[in-house]
Amino acid sequence: MDTFEKIGSLAKRRGFIYPGSEIYGGLSGTWDYGPLGVELKRNIKEEFWKTMVRNRDDVVGLDAAIFMNPKVWEASGHLEAFSDPLVECKKCHHRFREDNLGEKKECPDCGGKEFTEPKQFNLMVEASLGVIEGEKQKVYLRGEITQGVHVNFKQVLDSTRIKIPFGIAQIGKAFRNEITPGDLTFRSREFEQMELQFYVKPEEKEGKKWFEYWKNERMEWYLGLGMKKSNLKFREHEPEKRAHYAKAAFDIEYKVSDGSAGLTPSSWKEMEGIHHRGDWDVGRHSKFSGKDLSYFDEESKERFIPWVIETSGGVDRAALFFLMDAYHEEKLEKETRIVLKLHPKLAPYKVAVFPLLANKENLVKKAKEIHGELKKKWMVAWDERGNIGKRYRAQDEAGTPYCITVDFDTLDNNSVTVRDRDSMKQERVAVKELSVYLEKKLA
Ligand code: ATP
């Protein structure tokens, strides 16, 4: 089994990720998040929001509509840029104008030799608004969440007291008619992005400073949530492959470990992009809307179109790679244990509570009491099926950091067994100290 298959199988078995509309045969490139997956994803978004918005004075949040005036996509270049006849490399999924591939028909990025048929295609997903046939307006589901921020640049400025340099962060769904969706959620047709658009003075020094700053911040964010350093790296986009307006672009890539049955083209995969977009966005929207979106700097008394440093990550890709990074198979004496060593901040359940035996009323009652108490603070799982060993295995696969067992001693001395997911060590903890104990452990 390759890494994607392993994760896919665990994700389905435990309720992280299911194929979309599966009972109807599915729908290519769509995925549904189950009870554990939705928690993981919410936790990722929550951490993003805390780090990027709440804990800062220079970033505000926004939640723009998915439908936008189609002119937005003309201005952003999406309609134009995606309407060439293109082929896609079947190995690395990068797209090229067929005529740029040359005689040998070899992928310039990965050396792949197989391509999809050339197609006049547009990545934008079309929809129509209005109820009367013939009078419907063609619109697009946004292909990236970025533009919703830039079209609100002026409104945010006018309605807050924020000054350049500052950023606007957003999390939301984006849609792309990917030709070859695959590798689980890695390339989907509907996915979520978490982004920051950071506006700076249009000066080389400023642009460079903030670009380096955000590159570093974003890498630290993934590391701080437990991703292994050896599985992360930056990849710089070659100047000739960057969008023409981009002044610099780096990706944060995640290393998908081997064992891939040819499904994965290279082991390093894009997780997030950090882009220096120059004045492209605000400049284009000024021009296309006919509205003056320039910024007046009170200090220098200058008026200018700001430059933008963007950080653009995929929530689904991050979730997938957090799962991969956390996935461990450990050989124990009699079996192999599968455990997700997720960072406690990301783990769907922080704690699980078990009564030792499901048919002993007093044990169940006591365990329910503890469960109810802890639930006021955390997501807490409950399990009374099978034996304790089986319950531990289930929680290991769910990534639950701590399991609490209520046994007969609990009824005597009001203490419980707390078992650590990673070390599998057990400790006896007084019930009245549980909350403080877990708070420390989960911090
Ligand atoms: P790729 O080269 O893999 O198609 P991209 O360079 O087009 O990605 P961006 O437009 O920079 O991606 O989007 C920013 C982020 O959004 C990506 O780093 C990725 O995490 C996420 N993303 C983009 N397309 C998809 C997709 N089809 N499915 C899931 N996530 C995606």
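Which of the 16 residues around the ligand come nearest? In this predicted model, the answer is Glu178, Arg187, Ser188, Glu270 and Met271.

**Who surrounds the ligand**

- Sorted by class, the shell around the ligand is made up of 7 polar, 6 charged and 3 nonpolar residues.
- Three strands, β10 (190-200), β13 (268-278) and β16 (307-314), each give at least two residues to this shell.
- Of the shell residues, 4 come from β13, and that is the largest share.

- Glutamate 178 places a polar side-chain atom 2.8 Å from a nitrogen atom of the ligand.
- Arginine 187 also uses its side chain: one of its polar atoms there lies 2.8 Å from an oxygen atom of the ligand.
- How much of the ligand does the protein bury? On its own the ligand exposes 590 Å², and the protein buries 87% of that.

**A cis peptide bond**

- As background, most peptide bonds are trans, and most residues other than glycine have a negative phi.
- The bond that joins isoleucine 164 to proline 165 is cis, and its omega is near 5°.
- You can find proline 165 in the loop that runs between α6 (153-159) and β9 (166-175).

**Two residues with positive phi**

- Serine 21 is not a glycine, yet its phi is positive, at about 40°.
- To locate serine 21, look in the loop between β1 (17-19) and β2 (31-33).
- Is serine 21 buried, partly exposed or exposed? Serine 21 counts as partly exposed because its relative accessibility is 36%, which falls between the 20% limit for buried and the 50% limit for exposed.
- Methionine 424 is another residue other than glycine with a positive phi, here near 60°.
- The loop between β22 (415-420) and β23 (426-430) is where methionine 424 sits.
- The relative accessible area of methionine 424 is 29%, so this residue is partly exposed too.

How values were computed: Residues numbered from 1 in each chain as written. Predicted model: local features only at pLDDT ≥ 70, side-chain atom pairs only at ≥ 80, totals over all residues. Heavy atoms only, no water. Near = heavy atom within 4 Å. Polar contact = N/O pair within 3.5 Å; in protein donor to acceptor, adjacent residues only side chain to side chain. Areas by Shrake-Rupley, 256 points an atom, 1.4 Å probe, with all protein chains shown as cover. Nonpolar A, V, L, I, M, F, W, Y, C, P; charged D, E, K, R; others polar. Buried < 20%, exposed > 50% of the residue type's maximum accessible area, 1.4 Å probe, protein only.
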